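Dear colleague,

I am passing on the structure below for you to look over.

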Amino acid sequence: MIVITAPTGNIGRALLSRLLEYAPTAGEQLRVIARDPARLPDAARGRVEVITGSHGDAEVLDRAFDGADAVFWLVPPDASQPPEDGWTGFTRPAAKAFAAHGVGHVVGVSALGRGTPVADRAGLVTASLAMDDLITGTGVAYRALTNPSFFENLLEEADSIRDKGVFTDVVDADRKAPLVAVADIAAVAVSLLLDRSWAGTGSVPILGPQDLSPNDLARIMTEQLGRPVRYERQSFDELYTGLVGYGLNEEFVQGVVDMKRAKDQGLDAGVARTPDTASPTSFEQWCAQTLVPAVRS
């Protein structure tokens with residue numbers, strides 16, 4: 001039995017789709033935890049067991065982890081509370097439930113940066129790494145999928161790209177860094193969940209096929225969209241003020257700012273790209289398949 005948390009999010013939906021394809025031939029049963037089962041993909045209906053509720057709720061986890069062999073663990077960012085509460089606080093009931101129900105293997109979504117000079121002041125990433133430590137302390141076999149920023153983050157800029165030909169961030173325009181498609185993260189998670197021959201704890205970096213700077217992204221988007229797209233660098237103060245203006249928790253916003261500052265200082269540059277850490281989807285492919293339709297819709 002494989003339990004999937006956050007099955008309606010970007011990564012969880014892609015993961016569930018793949019597991020629905022491969023799990024039956026592997027003799028695996030699937031169970032999902034969903035606040036709103038109506039948001040599950042149509043292909044899942046009647047093919048997965050659904051536990052309704054939040055995977056931050058101990059009672060929900062007791063039901064969901066009963067008889068579970070493996071769990072896909074993803075903490076949904078909660079902009080209403082500080083990062084420490086959002087990651088370690090949210091995960092603490094699960095850590096107890098892993099042990100109580102004898103869950104053998106856990107695959108979690110985490111972040112790059114461990115061991116870098118800025119890892120302890122990287123905001124949301126620091127909180128994510130603390131979550132990994134909490135899970136590791138349970139004794140469960142654990143693999144943390146350590147990711148850079150996602151291509152999908154640019155979907156938040158789709159309106160600005162369409163209307164103004166502009167996307168924004170706070171990192172240096174020429175700073176190259178790894179970026180990854182969520183579908184590639186899901187593919188790695190599926191392989192780990194289905195082949196549970198691994199033991200102990202460790203990280204699995206997923207770095208995409210190449211490092212790209214904001215200027216590289218602008219050039220590729222210009223080519224793919226057939227119209228000019230340029231990058232505008234915000235200040236960290238502008239980022240903070242803008243996010244607080246949306247009503248987000250101030251400590252959470254500071255966590256975002258600290259994460260972005262750490263990325264601009266090389267947070268994601270500590271792992272070498274090898275055949276084992278690279279992933280296949282290029283930014284050009286992702287633009288053609290995902291961003292271009294979003295911008296033109």
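A residue is called buried when its relative accessible area is under 20%, exposed when over 50%, and partly exposed in between (1.4 Å probe, protein chains only). The model is predicted, so that local features need pLDDT of at least 70 and side-chain atom pairs count only at pLDDT 80 or more, while totals for chains, interfaces and linings use all residues. Residues are numbered from 1 along each chain as its sequence is written, and side-chain values use heavy atoms, with hydrogens and water left out.

E152, which sits in the loop between β7 (149–150) and α5 (158–164), is buried yet has no salt bridge (a side-chain nitrogen of Lys or Arg within 4 Å of a carboxyl oxygen of Asp or Glu). The nearest side chain of opposite charge, R18, is 11 Å away, whereas a polar atom of the E152 side chain lies 3.2 Å from the backbone nitrogen of V182.

A6, in the loop between β1 (2–4) and α1 (10–22), has a positive phi of about 50° although it is not a glycine. Most residues other than glycine have a negative phi. A6 counts as buried because its relative accessibility is 16%.

P24, by contrast, counts as exposed, because its relative accessibility is 51%; P24 lies in the loop between α1 and β2 (30–34). The C-alpha atoms of P24 and R47 are separated by 9.6 Å, with the two residues 23 apart along the chain.

E59 belongs to helix α2 (residues 58–65) and, at 62% relative accessibility, also counts as exposed.

Best regards

Key
Helices (H or I, at least four residues) and strands (E, at least two) are DSSP runs, numbered from the N terminus. Lys and Arg count as positive and Asp and Glu as negative; His and the chain ends are not counted. A polar contact is a pair of N or O atoms within 3.5 Å; within protein, one must be able to donate a hydrogen and the other to accept it, and residues adjacent in sequence count only if both atoms are side-chain atoms.
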